[in-house]
Amino acid sequence: MSRNICKENRLDRKYLYIQTFGCQMNVNDSDKIVTLLRDEGYETTDDAECADLVLVNTCSIREKAAQKAYSQLGRFRMLKERNPELILAMGGCLAQQWGQKILARAPYLNVVFGTHNIHRLPEFIRMVEKNGSRVVETEFQTSVKSLGITAVPQNGAVSAYVTIMQGCNNFCAYCVVPHLRGREESRPADDVIPEVEKLADHGIREVTLLGQNVNAYGKTIAGSPGFAQLLRAIGRVKGIERIRFTTSHPKDLTEDLMRCFAEVEALCDHIHLPVQSGSDAILRRMNRGYTRDQYLEKIEGLRHFRPEISITSDVIVGFPGETEKDYQATLALMEAVKFDNLFSFKYSEREGTAAVGFEHQVPEKVKRERLQQLQALQEEHTLKRNRMLEGRVQDVLVEGKSRNSEHDITGRTRSNKIVNFRGGRELAGKTCSVLIKKACLHSLRGEMVEGTENPCSSK
Ligand code: 5AD
Ligand code: SF4
């Protein structure tokens, strides 16, 4: 765990403060950065004021995410004014997008590194440390070296991310990811499986396989197993009790992959399957590669193989040309599926994407109203789905103490729902049998099952 080191004897240590915006991919990249910089003598701190190196790992997927990262830079500038020796670095999608331009906007930055250059960060930092030079590196590489970096989990952690592929070839009309993360690239199974085995040896019980479109896993390597085969192989790794993955593209969700939900016991009861819209006309304009009916068939297939599966999704409202009828089709699709949870966004135009310049932009006010109404409907569905668990016993992998009460601990069901219940912190990392007493919108309240000699185990 990182500590506040201002009050401690600093000795000869160097301290890194890292702030991460955006998706799990970025969180995993930040973990890799911490691992790389640890070899350069940097320890992490929670206190930016005391750091020698402040790094912001940015996201650019939607306008709001980009604004957040940009406003952080203002805060970092003040730190630099107080401590001119401080090294300021910016990475991630926004760094990739802005490249040289960001130096004009934020001349106090020392290092700007793009999404394909994480592995070179130690070299860049050394250059700054040595001669105060400024480095901007946003070249795309033919092979992304950071794919192979293993982020070492913290002591006592039971869950870990494993990147299995990166980049995206889909070019959805609204999405900046293929432009900023580059083309799809899979990591060889001969790297992935031994990493999972190593993690299991170190006490990791749950792995989340990461990629922009994990269903396309293996396509870039001749003779590679596909995603379903990879899942089956990881399902055989001793000690791995839970497997999750994100994100899946509906068009690449094969029946073979659906079948894994029936066959691979460790695979959790959850899939995140972004639909984006319930209207065929909008799906076509978005370049999603499936129709509403095809999406609904996939949902049916998933529920056939794993009836208790929890399904979450992403939706964009106000994509250019979205009429009231298109929007109503999205609400109707939500009614048909009853998602366990939904991440919903107002469309925001992203530089370089195909949708820039599309006709019939939807006014901001309409987008706002549609989003509010859609979110209210989703709340009803989330509550309904959560209530279905009331009175049922769930396996909960304990993550640690609850934020709300010092007597409670918190963990997740196999369907990825948060459960709070009475228990001691020593249960962290264990799987407990918990009776769900009450369902709320964002979490469930439970009680450890009485009468069992050992309601919690580390299988
Ligand atoms: N505007 C709004 N939402 C977007 N997303 C991606 N690009 C945009 C955009 N330009 C959403 C999609 C995606 C999620 C990660 O972010 O729903 O699935
Ligand atoms: Fe973006 Fe579409 Fe690729 Fe997802 S599949 S990262 S939404 S282009």
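Colleague: Which loop holds Asn 287?
Modeller: This is a predicted model. Helix α10 covers 280-286. Helix α11 covers 292-305. Asn 287 is found in the loop between α10 and α11.

Colleague: What is the phi of Asn 287?
Modeller: Most residues other than glycine have a negative phi. Asn 287 is not a glycine, yet its phi is positive. The value is near 65°.

Colleague: Is Asn 287 buried, partly exposed or exposed?
Modeller: Buried means under 20% relative accessible area, and exposed means over 50%. Asn 287 has 41% relative accessibility, so this residue counts as partly exposed.

Colleague: Which loop holds Asn 416, and what is its phi?
Modeller: Asn 416 lies in the loop between β16 (408-412) and β17 (418-422). Asn 416 is not a glycine, but its phi is positive. The value is about 75°.

Colleague: How does Asn 416 count by accessibility: buried, partly exposed or exposed?
Modeller: The relative accessibility of Asn 416 is 27%. That puts Asn 416 in the class partly exposed.

Colleague: Which residues does the cis peptide bond join?
Modeller: Most peptide bonds are trans. Here omega is about 0°, and the bond is cis. Thr 247, one of the two residues joined, is found in the loop between β11 (242-246) and α9 (255-263). The bond joins Thr 246 and Thr 247.

Colleague: How many residues of the shell around ligand 2 are charged?
Modeller: The residues around ligand 2 include Cys 168, Phe 171, Gln 212, His 249 and Arg 288. By class, 7 are nonpolar and 3 are polar. The charged count is 1.

Key:
Residues numbered from 1 in each chain as written. Chains lettered and ligands numbered in written order. Predicted model: local features only at pLDDT ≥ 70, side-chain atom pairs only at ≥ 80, totals over all residues. Heavy atoms only, no water. Helix = DSSP H or I, 4+ residues; strand = E, 2+ residues; numbered from the N terminus. Buried < 20%, exposed > 50% of the residue type's maximum accessible area, 1.4 Å probe, protein only. Near = heavy atom within 4 Å. Nonpolar A, V, L, I, M, F, W, Y, C, P; charged D, E, K, R; others polar.
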